Amino acid sequence: MSAATTRSRTPDRLCAEAVDLARSAAEEAAAPGVVGEHAGLVSEGDRVVTHFFECKELGYRGWRWAVTVARASRAKFVTLDEVVLLPGPDALLAPEWVPWSERLRPGDMGPGDLLPTDAEDLRLEPGYSGEDEPAPNAPVSEEMAELVEAEDAEVTAGAPANLPMAPSRGSITSVAEELGMRRARVLSRYGLHVAADRWEESYGAKTPMAQAAPASCVTCGFLTPIGGSLGQAFGVCANEFSPADGRVVSLTYGCGGHSEAAVMPKPPRPAPPVIDETRVDPFPLRPSPDSGSVPVGADGDTAELGHS
C-alpha cells in the first residue's frame, strides 16, 4: 500500500479557511452576481481542498462553482488551483446523448433532409448479384486477350486488355438495367416483414375502426391493389371519405366507408292527392240570366208567380 493511500482525508485547516480566496476566484471566473452562498467543501487529498458555491445562473439549477485550493508542504500560504462549474446531486442535466440514427423516428424528416442508409442495413439486400465484369467475348476480357495473343491476331489498335473502358453491353449492370432491375438494393425479407408489421399495426384487423366496420377491405370497391409479394395482404385505399385514404391498408382492415356498406334507398313517391288542389274552379258572384229554370223573355203572368 502506497503512502498516498494511507494519508488522512481530513481537510487541511488553512485550505478549509480559505473561503474568501475561493469566492474571489469564482467571482472572477463567473459573471457578476451569479456566485451564491458557500455550499461546503471536500478534501481532495493532503493540503488540497475544493470549496463549493451555489450557482445563480439561469438554466444551471443545482450546479455549483467548484474552487480547488492547495498548500505546499510546510507552507503557510494557500494558492489557487482551478475553478470549474460542476453539476450537483440535484442538478438539471441534459439527457444522455443518443446517436441520430437511434433518435430518428418516422415523420421526423422534412423537406431537404437527407437520410443516409447504412451499407449493412438489414432491411435491404442487393438488387442483383455478380461482379460488374465484361462478358467473356468482350474485347477487354482476359479470355479474349489470351485468344488474340495465341492466334497472333490484332482486333484493335492496342492490346485488348488495355482498352480505356469496358463496353456496357454484356455486363451484369447493363442486363439488370434492361430488365428494369437497375436498383442496387431492394427490400430484403426482413425489410418486408418489418413494413408489413408496421402497416398491419396502423391499418389492420385489430384496430378499433376495423372491429366496427361492416366488412373488410378485400371486398371494397375502393381498394386499389398493389404489386409484389405485399399485394397478397395489402392494398391502397382510394376512398376520400375514409380515414385511410391514400394509405396502405391490410386486406382485413375496414371502415364505415365500405363500398357495399349500405345501398341508398330510393325516395318514396307521394300518394296521389284525394282532392286536386292544383285546379281552380271559377265561381261567379252573380248568377247569369240563363241559369234559372224559366227561359228569358217569359210573360208577365209567369213572372208574378215568382219563378226564376
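**Close-up views of a predicted model**

The structure holds one cavity of 30 Å³ or more. This is a predicted model, in which local features need pLDDT of at least 70, side-chain atom pairs count only at pLDDT 80 or more, and totals for chains, interfaces and linings use all residues. Residues are numbered from 1 along each chain as its sequence is written, and side-chain values use heavy atoms, with hydrogens and water left out.

View 1. The largest cavity contains about 90 Å³ of space. A cavity is a set of points, on a 1 Å grid over the protein atoms alone, where a 1.4 Å probe fits but cannot get out; lining residues have an atom within 4 Å of a point. The volume is the space filled by probe spheres set on the points. Among the lining residues are Cys217, Cys220, Phe222, Cys237, Cys255 and His258. By class, the lining has seven nonpolar, five polar and no charged residues; Cys counts as nonpolar and Gly as polar.

View 2. Four strands (DSSP runs of E, at least two residues) form an open sheet in the order E1-E2-E3-E4, with antiparallel pairing. Strand E1 (35-45) and strand E4 (79-87) are at the edges with a single partner strand each, so one side of each has no neighbour in the sheet. From one strand to the next, the twist averages 20°, with angles running from 0 to 180 degrees between N-to-C directions of lines fitted to C-alpha atoms.

**View 3. The pairing of E2 and E3.** Strand E2 (residues 48-55) and strand E3 (residues 63-70) pair in the antiparallel sense over seven bridges; pairing requires at least two bridges found by DSSP. Phe52 stands opposite Ala66 in E3.

Definitions and conventions. On a 1 Å grid over the protein atoms alone, a cavity is a set of points where a 1.4 Å probe fits but cannot get out, and a pocket is an open set with protein on both sides within 12 Å along at least five of seven lines; lining residues have an atom within 4 Å of a point.
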